[in-house]
Amino acid sequence: MSIKIKVAWGVIFLFLVIVTIGGLGLYYLEALSNDSENILTDNYETLEYTKSIVENCDSLKIDSVKALKAMEANLKLQEANVTEKGERELTLALRVAFERLKNTTLGDSNIVRIRSICLAIQDMNMKAIIRKNEVTQKTATKASTYLIIIGSICTLAAFTFIINFPGYIANPIVQLTSSIKSIARKNYEERLHFDRKDEFEELAEAFNQMAEKLDEYEHSNLAKILFEKKRIETIINRMTDPVIGLDEHDKVIFANEPALNLLNLSSADVMDRYAPDVAVNNDLFRSLIRHNPPAESALIKAVVGGKENYFSKESITIHHTPTGETDTMKIGQVILLKNITSYKELDLAKTNFIATISHELKTPIASLQMCTRLLQDKRVGTLNEEQHNIIHTLEDEVTRLSKITNELLDLSQVETGNIKLNIRKADAGDIIHLAEEAVKFQAERKHVAITVEPFNDIPSLQADLDKTTWVLVNFLTNAIRYSPENETVTVRCKSENGAIIFSVEDHGPGIEEKYLNRIFEKFFQVPGTPSGTGLGLAISKEFIEAQGGKIKVESHIGKGSVFSFELLKS
């Protein structure tokens, strides 16, 4: 609870004390006022009415008419003000005596009777006044007692609050002042401990963090820090790939020689300068520090030594958790460039080779297909059973060779951006079966079992059967390659949201999260994995997206990976 709320509760408490005492006093004042008003209304007015009737009895002989009218008026008022027990009977008797007085001659007996009844009524109300006065005195005594008790309790509580609350606020301030003086004397082991759950506890935590950082700074070895800095700078400068470092304010803090050569800048042009200022006159540097580069700029093209070079860029944001704190903060950024020119050249040579050899193979393959047909023509001659089997085997192998050639042409189309699709109605089971058969030998050699989870009621889909099977084969090949021996690779297929989803799960080493968004890039390879061209997954992505589908990967270190793609239902 914050101090502000505690002070508010204290003020509310004092206010309630005042309201309680004041309310109790007003309640009993109201009770006493009501008692006094009852005495005045119920009894004193009756005394006045009867007194007036008695006085008018004496005036009957002087002016009987006027006296009787006055007596009649006071009698009616008395009849309307009957409040005590037995008073109604006496008032009725007074009415009877008065009526007899009006209807007969003025006799002394009637006047005496009226006087006697009035005196009885007066005596009754006098006793009631005495009794009600005693009740009022008891109420006053009770009010005084309650007010004294409650007032004492409230006064004691308020006094306790007034005595303790200033210390509750001032004592932590005194401790804080003492601790600050201790820190000023370089006693950095000083700590504050307030178990209060308010602003003072937060203040103590902030003070302790400050003291901890001062203590850390005091005991740090400046020479060791400088040595480590020199060692890191030497390592960076010995790296053959370009490396550029920025601090949290985008100021260049280091750039090795390959990076300076690539940018065609000197160290003085970039070191300790604001990166956007350097980028104003250098287009390549501008593309490197861009936070959200477009997809087509994944490869950076630059001329180095009069030759075109290609680089892949990786930008790493460095975070740090300061001592004594829980939140991380950005402290800089490192830009790494990897020269993939050799891969690019190999890829171009391979693409040209594939396109050339595929076209060159088409003519002899067509000739072989023609020869097999001619040999099966009975006009050429009759074949025995063994020759017939040989011809069938030759025909199957020529067909297989033709299919491989077509696949090579498809691969060259992907890499040149001219993909030709044969979209038609396909069955998910056929795709999985063809892919499983294609990798069966590789799985047996690695002692990896391929398990296809049962799937039912999977509708047909619109896809290029050959290219989709190629993608699934690529997934299975990778899963087998990275799976330990005697492990299982699982193939799944399901229908969801109008699409058919194929997935391959392995139990290999997994992929770090920071590499997942780059796994489908051309030439990209996860560090520490077996060497390869880094093209298989990129081509798979092109095949699936060309068919209007989606491809993705999920992976956890030490648990394996799940590669999947989805295509629309037919």
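## Basis

Residues are numbered from 1 along each chain as its sequence is written, and side-chain values use heavy atoms, with hydrogens and water left out. In this predicted model, local features need pLDDT of at least 70 and side-chain atom pairs count only at pLDDT 80 or more, while totals for chains, interfaces and linings use all residues.

Helices (H or I, at least four residues) and strands (E, at least two) are DSSP runs, numbered from the N terminus. Axes are lines fitted to C-alpha atoms, for helices over the stretch in contact, and angles run from 0 to 180 degrees between N-to-C directions.

## Helices H3 and H4

Helix H3 spans residues 87-103 and helix H4 spans residues 108-184. Their axes lie 9 Å apart, at an angle of about 160°. H3 is therefore roughly antiparallel to H4. Angles under 35 degrees count as roughly parallel, over 145 as roughly antiparallel, 65 to 115 as roughly perpendicular and the rest as oblique.

The crossing of H3 and H4 is left-handed. That term applies if the near helix is turned anticlockwise from the far one by less than a right angle; clockwise gives right-handed. In contact (heavy atoms within 4.5 Å), the H3 residues include Leu-90, Leu-94, Phe-98 and Leu-101. Among their H4 counterparts are Ile-114, Ile-117, Ile-121 and Met-124. The contact of H3 with H4 has 13 nonpolar, three polar and three charged residues. Here Ala, Val, Leu, Ile, Met, Phe, Trp, Tyr, Cys and Pro count as nonpolar, Asp, Glu, Lys and Arg as charged, and the others, Gly among them, as polar.

## The antiparallel sheet

Five strands form an open sheet in the order S2-S1-S5-S4-S3, with antiparallel pairing. Two strands pair if DSSP finds at least two bridges between them. The edges are strand S2 (252-255) and strand S3 (299-304). Each has a single partner strand, so one side of each is left without a neighbour in the sheet. From one strand to the next, the twist averages 25°.

S1 and S2 run antiparallel and are joined by three bridges. Leu-246 has Val-252 in S2 as its bridge partner. The two strands form a hairpin with four residues between them. In its turn, Asp-250 has a positive phi of about 60°. Strand S1 (residues 243-247) also pairs with strand S5 (residues 329-339), in the antiparallel sense over five bridges. Asp-247 stands opposite Gly-332 in S5.

Another open sheet has five strands in the order S7-S9-S10-S12-S11, and its pairing is mixed. Strand S7 (449-452) and strand S11 (550-556) are the edge strands, each pairing on one side only. The twist in this sheet averages 15° from one strand to the next.

S7 pairs with strand S9 (residues 488-496) in the parallel sense, over four bridges. Ile-450 stands opposite Val-489 in S9. Helix H13 packs on the sheet and touches S7, S9 and S10. The direction of H13 makes about 25° with that of S10.

## Helix H15 and its partners

Helix H15 (residues 465-482) packs with helix H13 (residues 428-438): the axes come within 9 Å and cross at roughly 50°. H13 and H15 are therefore oblique to each other. Their crossing is right-handed. Ile-431, Ile-432 and Leu-434 are among the H13 residues that meet H15, whose contacting residues include Leu-465, Leu-472 and Leu-476. This contact of H13 with H15 has nine nonpolar, two polar and one charged residue.

H15 also packs with helix H17 (residues 536-546), with axes 9 Å apart and an angle of about 150°. H15 and H17 are therefore roughly antiparallel. The crossing of H15 and H17 is left-handed. On H15, the contacting residues include Trp-470, Val-471 and Phe-475; on H17, they include Leu-537, Ile-539 and Phe-543. The contact of H15 with H17 divides into seven nonpolar, four polar and one charged residue.

## An aromatic pair

The whole structure holds five aromatic pairs. Rings of Phe, Tyr and Trp (its six-membered ring) pair if their centres lie within 6.5 Å; planes under 30 degrees apart count as stacked, over 60 as edge-to-face and the rest as tilted. The rings of Phe-502 and Phe-565 have centres 5.1 Å apart and planes at 20°, so this pair is stacked. Phe-502 sits in strand S10 (residues 499-505) and Phe-565 in strand S12 (residues 560-568). The pair links distant parts of the chain, 63 residues apart.
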